[in-house]
Amino acid sequence: MRKNTDNRGVFPFINKKTVYGFLIMAVILLIEMNIIFFISTSVQSKLITDFGYKNMLENEKKDLKSSVDNTVKDIDSTRVLLEKKGMTDEQVKESVQERVYAKIHSDEYLDGRYMWVNEIIDYNGGDGYAIRLIHPNLPETEGQLLSTNTRDKKGNYPYRQELDIVNGKGSGFYNYYFKELDSKKVTEKITYARVYKRYNWVICEGENLNSIRVYEKIQKERMKPYFIGIDIIMSVVCLLIILLTTGSFITRFNKILMEKNRELKEEAHRDSLTRIFNRGGLIYSLDRLIDDETTAGFTGVFMDLDEFKLINDVYGHNTGDAALRHMAASLKEFFPENSIIGRTGGDEFCVIIKDKNPEKCGKMIQDFASITKSFESEGRTIIYKVSAGYADYPSQAGNREELMIMMDNALYASKTQGKNCAMHYKPEMENIKREQLGFSVKNMTSGMPGAFLVYSANESERILFANDHLVSLYECDSYDEFLQLTKSSFKYMIHPDDRERVEKSIKDQIEKGRKTVEEAFAGLEDYVEYRIVTKTGKIKRVMDNGRLVHDDHHGDIYYVIIQDVESMKEYGYYGKPD
């Protein structure tokens, strides 16, 4: 008897057509599930990134509001202090305005953020309704009249919005569009404005929304591979055991969403560069510490890097960023593990030391400020120093706002003492003039009565800086043209026939000075007269007064003042006029 090998006898429904049908159904099911998961993951991705954007935006708005409110409180406290000294209202307003001007122009911000002040003349609006009082990004516009009829780059009326806020609640947010400096790009900015009614000032602080949108885009790109992976895995799983795995998938996905939400909240309080608290996160943690009934006392300190702008200018922003990261790491390594450490903006950092012994905290801060820091960047050793100002809670400050103002005043006091030191807050620090911190090297050198030069005291004698007077002395039209004429070296500034004599004279004077100066870096001077050849071929005689000093960033360098001998004779300062 033959064995039956026809499967249809046992399972008559199983045939090629049935198998193909199941395969087609499986493929259709797989496609449908892929579509469902793709839509689901896309929606969830958008919800998460939207939540992150809104969360970051809310934190930035809180930060803007806090910054402006603190400025208003600082103005009020300064005004009250000056009034107690018996100053007239006009004198008080003038002194307050000077301090606010110096602070706004000296503060450093990130992400296109800055503060400005308008003074309202007519609360009804119209042309000339206000005057631009302070604007650090457009100082040339200070003193100009403003109009509520002015439109931004998208046709909105930002000054009308600002005035409506002032006439309404007195403070609030508004958005406007502007063209970035040196660019055709139009950027949206969110602004918080608050009126200071006593002086009719509108104090504003704004920030570009680009940084938040870039972060949102980065988050989407980071999450895309993750969701694609889930899509593929869950499609296969659902194809095999859809009913059994649905509940597990929902539970797992909800857990992922909760974890992402937690990470986004944590990210909103972290500085992206240093990974320590940002200003918002530090203030949030500080407020919680103060509100904690078990808190006995602590010390807060503001610190910043001395000459941080010089590090950026000389070595580039990558090295500047490395300096900020190194500073953050040094703070975490030096101070107790339970300290609250944050970057409050630019090169300014804050540490809250949770110790009720102010003397112990002060000693710790003094020790940290006295240490010269160094790190390696792009094959070079970069060194920097810090200044610090600190105050105690609750022995000196009654709340967070007072503490931060005291820390800020103490920091500025350390700056006025020559930097690289730590100062403990004292009431007399309220009277420190901050204007002296606002001078720039460019402004000072351009205002010097003569040509000014800085060059390396090594064999190359490379020119590091020359002011406009020196460029004009050589009849050059630009600094680049001056460098091209002199081959970027001091030796080629000198007439060829005078070079050997001048080099020997400078060397002899410096060597003679070394024998009489006890300290190696006290500075050694030389005086020498020589001829120069200008761009047009004109020969001039100049008097050169140089000083050899040591710089932490450039090594040994010369600072030189050069005077035209003929001009000196003309005014009777050199021999007798011809």
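Here is a short tour of helices, strands and a few side chains.

**Before we start**

This is a predicted model, in which local features need pLDDT of at least 70 and side-chain atom pairs count only at pLDDT 80 or more, while totals for chains, interfaces and linings use all residues. Residues are numbered from 1 along each chain as its sequence is written, and side-chain values use heavy atoms, with hydrogens and water left out.

**Stop 1: I31**

Select I31, found in helix 1 (residues 16-84). Helices here are DSSP runs of H or I with at least four residues, strands are runs of E with at least two, and both are numbered from the N terminus. I31 is partly exposed, with a relative accessible area of 46%; buried means under 20%, exposed over 50%, and partly exposed in between (1.4 Å probe, protein chains only).

An α-helix has 3.6 residues a turn, so residues three or four places apart point the same way.

**Stop 2**

Move on to helix 2 (residues 89-106), where the buried residues are V92, S95, V96, R99, V100, A102 and I104. Its end C-alpha atoms are 26 Å apart, in agreement with the 26 Å that its 18 residues should span at 1.5 Å a residue; the expected span is 1.5 Å times one less than the number of residues.

In the loop between helix 2 and strand 1 (114-120), pick R113. Is R113 buried or exposed? At 13% relative accessibility, R113 counts as buried. Show side chains here: that of R113 makes a polar contact with the side chain of D63 at 3.1 Å and another with the side chain of E205 at 2.6 Å. A polar contact is a pair of N or O atoms within 3.5 Å; within protein, one must be able to donate a hydrogen and the other to accept it, and residues adjacent in sequence count only if both atoms are side-chain atoms.

**Stop 2: helix 9**

Next, select helix 9 (residues 400-416), which has 17 residues and reaches 25 Å from its first C-alpha to its last, close to the expected 24 Å. Of those 17 residues, 14 are buried. At its start, a side-chain oxygen of N399 comes to within 3.2 Å of the backbone nitrogen of E401. After helix 9 comes G418, with a positive phi near 105 degrees.

**Stop 3: strand 14**

Strand 14 (residues 451-456) has 6 of its 6 residues buried, so it is largely enclosed by the rest of the structure. A451, L453 and Y455 point one way, and F452, V454 and S456 the other.

F465 in strand 15 is the bridge partner of V454.

How values were computed. Pairing = 2+ DSSP bridges.
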